[in-house]
Amino acid sequence: MLGVSYYEVLLFLHIGAAAIWLGAATFFFVLFQRAKQARDPVLAERLGAHVEWLAKRFFVPTSLAVLVLGILLTIEGPWSFDQLWILLGLVGIATTFVLGVGVIEPTTKRMHAAIDAHGPEHPQVARYGRRLDALGVVDLALLASIVWVMVVKPSTDELGTLV
């Protein structure tokens, strides 16, 4: 029988949830960009319509799982909450959560309202689309940065690594 510890189970679930979160966010972003490059506004609109559904049922629960499992790992493992890499991870997760719920979701709703009012080709819709593209890049970069910090585990002594 394998001697798997509670910590190892938490670590597996934490890494798995982080991989799913980053992978799904990347996949959805790439798929949405592909629809736009194909100049298929109907497909882009239909994909965008699934953002709210995905956020509530997938991205938010997965991000919360990463957070809770990370906290449990810190409590259970040889770590402490005053370590820089853990603080950066917590700040990163909080930032991406606020970005998603506080900025991306409302912008998506405004874009859908503009589509309903003016159609998918309206300049206002394009402005919202560009803003969502930029926010998506920022969010993905933030997610990748969180994963990087978790892998490298920089300390305050490693300023070069942080930069």
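These legends describe close-up views of a predicted model.

Residues are numbered from 1 along each chain as its sequence is written.

**View 1. Confidence along the protein chain.**
The mean pLDDT of the protein chain is 88. This score is the predictor's confidence in each residue, from 0 to 100. Of the residues, 96% reach 70 or more. Confidence is highest in helix H5, at a mean of 92. It is lowest in helix H6 (residues 159–162), at a mean of 63. Helices are DSSP runs of H or I with at least four residues, numbered from the N terminus.

**View 2. Helix H4 against helix H5.**
Two packed helices are described by the angle between their axes and the distance between the axes. Helix H4 covers residues 84–118 and helix H5 covers residues 123–152. Their axes come within 9 Å and cross at roughly 165 degrees. Axes are lines fitted to C-alpha atoms over the stretch in contact, and angles run from 0 to 180 degrees between N-to-C directions. H4 and H5 are therefore roughly antiparallel (an angle over 145 degrees). The contact of H4 with H5 has 19 nonpolar, nine polar and three charged residues. Nonpolar means Ala, Val, Leu, Ile, Met, Phe, Trp, Tyr, Cys and Pro; charged means Asp, Glu, Lys and Arg; the others, Gly among them, are polar.

**View 3. Helix H1 against helix H5.**
Helix H1 (residues 6–37) packs with H5 at an angle of about 155 degrees. Their axes are 10 Å apart. H1 and H5 are therefore roughly antiparallel to each other.

**View 4. Thr74 in helix H3.**
Thr74 is found in helix H3 (residues 51–76). Its relative accessibility is 7%, so Thr74 counts as buried (under 20% relative accessible area; exposed is over 50%, partly exposed in between, with a 1.4 Å probe and protein chains only). A polar atom of the Thr74 side chain lies 2.9 Å from the backbone oxygen of Gly70.

**View 5. Val138 in helix H5.**
Val138 sits in helix H5. At 47% relative accessibility, Val138 is partly exposed. Leu54 is 84 residues from Val138 along the chain. The C-alpha atoms of Val138 and Leu54 are separated by 18 Å.

**View 6. Lys153 in a loop.**
Lys153 lies in the loop between H5 and H6. Its relative accessible area is 31%, so Lys153 is partly exposed. Most residues other than glycine have a negative phi. Phi of Lys153 is near 50 degrees, a positive value.

Conventions. This is a predicted model: local features need pLDDT of at least 70, side-chain atom pairs count only at pLDDT 80 or more; totals for chains, interfaces and linings use all residues. Side-chain values use heavy atoms; hydrogens and water are left out. Helices (H or I, at least four residues) and strands (E, at least two) are DSSP runs, numbered from the N terminus. Angles under 35 degrees count as roughly parallel, over 145 as roughly antiparallel, 65 to 115 as roughly perpendicular and the rest as oblique. A polar contact is a pair of N or O atoms within 3.5 Å; within protein, one must be able to donate a hydrogen and the other to accept it, and residues adjacent in sequence count only if both atoms are side-chain atoms.
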